[in-house]
Protein chains: 2
Amino acid sequence: MAKITGNIVIGQSGGPTAVINASVAGIYKAAKDMGVNKVYGMVHGIQGFLERNLISLEEYLDNGINIEILKRTPSAFLGTCRYKLPEADGNEAVYEQIFRVMEDYDIEAFFYIGGNDSMDTVKLLSDYAKAHDRKERFVGIPKTVDNDLPVTDHCPGYGSAAKYIATSLKEVIRDVESTGLSNPTVLLVEIMGRHAGWLAAASVLAKCEDCAGADAIYLPERVFDIDNFVEHIREVGAKKNTIVIAVSEGIKLADGRFVCELGGGADTVDVFGHKQLSGCALTLAGIVSARTGFKTRAIELSTLQRAANHMASLTDIDEAMQAGYHGVIAAAEGKTGVMVVMERVSQQPYFCRMDTYDIHNIANGEKKVPLEWITEDGRGLKEEMLRYVRPLIMGEVLPVYVDGLPAHLVRR
Amino acid sequence: MAKITGNIVIGQSGGPTAVINASVAGIYKAAKDMGVNKVYGMVHGIQGFLERNLISLEEYLDNGINIEILKRTPSAFLGTCRYKLPEADGNEAVYEQIFRVMEDYDIEAFFYIGGNDSMDTVKLLSDYAKAHDRKERFVGIPKTVDNDLPVTDHCPGYGSAAKYIATSLKEVIRDVESTGLSNPTVLLVEIMGRHAGWLAAASVLAKCEDCAGADAIYLPERVFDIDNFVEHIREVGAKKNTIVIAVSEGIKLADGRFVCELGGGADTVDVFGHKQLSGCALTLAGIVSARTGFKTRAIELSTLQRAANHMASLTDIDEAMQAGYHGVIAAAEGKTGVMVVMERVSQQPYFCRMDTYDIHNIANGEKKVPLEWITEDGRGLKEEMLRYVRPLIMGEVLPVYVDGLPAHLVRR
């Protein structure tokens, strides 16, 4: 087995997921299996690292039980950040500070668990290290509920969010169906996903033996047409009294405006320049009420869907852990400027192989739901989507309940 | 053991809960233990009964596995209704129709699982039967996530919703805390409960060893003061960057207006004359943004909180089942015009005894959170609330997963 002779550091960045801590557990376990002396955690990612805000993970993870609790802890145990690392050119001081901290803590390998923007940080740091003939290695571990990182078959975090979305959808569909409505009621469920509809597409899972599923699923991959949407609701409403629509928060009109912008909600933009979206289901509910007279209810799954570790997928937790573990092996083999990727080598039985890929082909890229997986009418997903997502939600990890509630591991 | 010689019928009414079907299971089991020939289910409550829309529960529950799946099925298996039975006086035709159906199906006992409005139906029918010297018995089985039925210690459905609310709150608090905010962010979580704050009060559970809980919890039992609310957020924001507020959808201003009405949302009124509330967190988020400049996020737990059987409390499911079972025993003993109530005979170990109580003292009544359980500043709950609610969320019932999702029993 290849070796890492110095210490390592782990950071978590971007929006949290239900299983982002399982990757920390995987990195920690691999490092200890390899005999690494110290495993540091950055408190709030690269931003905390710059301020030398590091903790020693040995203090928390010195026993198997705490590792198990960590895997059952949603959101970033270490804290995340949305700090955008500037280009090295003209910002040498920031880079020098980072490498000074690396040296002071004898850090040989740097693992960053995150999505598109976080991979940009890995790219910039590994490029800088190479340009300056430095030995430190930088490895990205994929994480995003949005599932939009390129190259990898899917991203850890996605499967658990998909499982939660489908479970919640089944439950609220039963709720609305049971109420014995004498007039059509439209339930609009808003699901996360900035420009990629992977999460909303996971609603296909709700259609099964014991559930009719959604009547339509709208993704940002296709232009959203309000007239067509209302017309479809009228058609369904002529046949039955419960109409269920799953919408991605990121659906856009032909003129490029987000649907949620029509609602007059405040436009906020994060540090990466992404618009903060929300309120699309509420906006559509208003349109449907006004144009059809049907009763409406809008449910926004909000951060519940990315935080619901209590409904995590065992497959997802296992893969998040393996991705972390594999990242350490890659670093030990001397790899840097790479992200761990998953390749689906078998569909039945399902199996993904861990590999690494050049970060330059990943950072700031975006993988969307293939247009050919969307039905012609733009209101549903084909069998391919179901085949893709089903294995990712399989299996459960039981929470550890203390006083009736799932227990989590927290920083002191 | 007392006996029921004829058949029985079960109805579900009002808003569904995660455990309303466990009461169906309890009634069914008691009836079969007692040798009752046929157990009918009303499809969509009394409304379906009037139209002779009955199913034979033997077709679904002839084996132990289906009874277990039924307990794991959220929302009303039989379908509910919000039909308001008119007073007998002047509406004899409706009552004659109901008793005609009773005779045609040889129904000796009628069990109605529901909240305040449903108990009114039990009252009217039992009064009519007594006034006309009829032998049929009418028994109410309590059910409401709102927990606002009088006399009974608590209502089946409440404990599971409380468990879901506290679990979700812990998860979203971790989510917002982890993001390494450099500016205060206010997370507003809106919880159900028309005029009683029991569900919102259950947020006290989230404050525990591994979670700071909510910074304030506002119930409809106290007048809501916007200036005081904003002032408190400013104070908390001066000390930390994540501010978590749990609000009941039913909070009202001193002038009697609901907070959600300030948002300009459409006013809708259900058949019982209750205003349909929603959007209170969103309204408050707008006020907080405008007055403090803090970032806000509003999460409405919506129907998720009453449908989340996947996070049901074992205690709640067991009690819902026992309440149904006890109702059949009461009917067999000749009782009518009663509701099953729970009396907490021991706090440690927790134990509730099932009993029955005159429906006239229950129907249309409303039990609120005692004012003395609310802290002086109106922003939190005292130890009494925690002692009250904790035992109700204890224990778990594992869903039966099919293809990665909880499976439910559905009517064919």
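A:Asp133 is exposed, with 6 other C-beta atoms within 10 Å. In this predicted model, A:Asp133 has a positive phi of about 50°, although the residue is not a glycine. Its place in the chain is the loop between α6 (116-131) and β5 (137-142) of chain A.

## A buried residue with positive phi

A:Asn147 is likewise a residue other than glycine with a positive phi, here near 60°. A:Asn147 is found in the loop between β5 and α7 of chain A. Because 30 C-beta neighbours lie inside 10 Å, A:Asn147 counts as buried, whereas A:Asp133 is exposed.

## Cis peptide bonds

In chain A, the peptide bond from A:Gln348 to A:Pro349 is cis, with omega near 5°. A:Pro349 belongs to the loop between β12 (338-347) and β13 (350-358) of chain A.

In chain B, a cis peptide bond joins B:Gln348 and B:Pro349, with omega about 0°. B:Pro349 lies in the loop between β12 (338-347) and β13 (350-358) of chain B.

## Domains of chain A

Chain A is divided into domain 1, made up of 7-144 + 309-365, and domain 2, which covers 158-307. The centres of domain 1 of chain A and domain 2 of chain A, taken over C-alpha atoms, are separated by 33 Å. To the contact between them, domain 1 of chain A gives 16 residues and domain 2 of chain A gives 11 residues. The side of domain 1 of chain A that touches domain 2 of chain A has 6 nonpolar, 6 polar and 4 charged residues.

## The interface between the chains

Across the interface, 49 residues of chain A are in contact with 49 residues of chain B. On the side of chain A that touches chain B, at least two residues each are supplied by α2 (45-50), α7 (158-178), β11 (295-300), α11 (304-307) and β15 (405-406) of chain A. The largest share of this side, 10 residues, comes from α7(A). By class, the side of chain A that touches chain B has 20 nonpolar, 18 polar and 11 charged residues.

## Confidence of the prediction

For the complex, the predictor gives an ipTM of 0.95 and a pTM of 0.96. The pLDDT of chain A averages 94, and 96% of the residues score at least 70. Over residues 264-270 of chain A, however, the pLDDT is below 50. Beyond near neighbours in sequence, this stretch has 10 contacts in the model. Where pLDDT is low, the predicted coordinates should not be read in detail.

Note on methods: Residues are numbered from 1 along each chain as its sequence is written. Chains are lettered from A and ligands numbered from 1 in the order in which they are written. This is a predicted model: local features need pLDDT of at least 70, side-chain atom pairs count only at pLDDT 80 or more; totals for chains, interfaces and linings use all residues. Two residues are in contact if their C-beta atoms, placed from the backbone, lie within 7 Å. Helices (H or I, at least four residues) and strands (E, at least two) are DSSP runs, numbered from the N terminus. Ala, Val, Leu, Ile, Met, Phe, Trp, Tyr, Cys and Pro count as nonpolar, Asp, Glu, Lys and Arg as charged, and the others, Gly among them, as polar. pLDDT is the predictor's confidence in each residue, from 0 to 100. Domain bounds come from an automatic or database domain assignment. A residue is buried if 20 or more other C-beta atoms lie within 10 Å of its own, exposed if 12 or fewer, and partly exposed in between; C-beta atoms are placed from the backbone.
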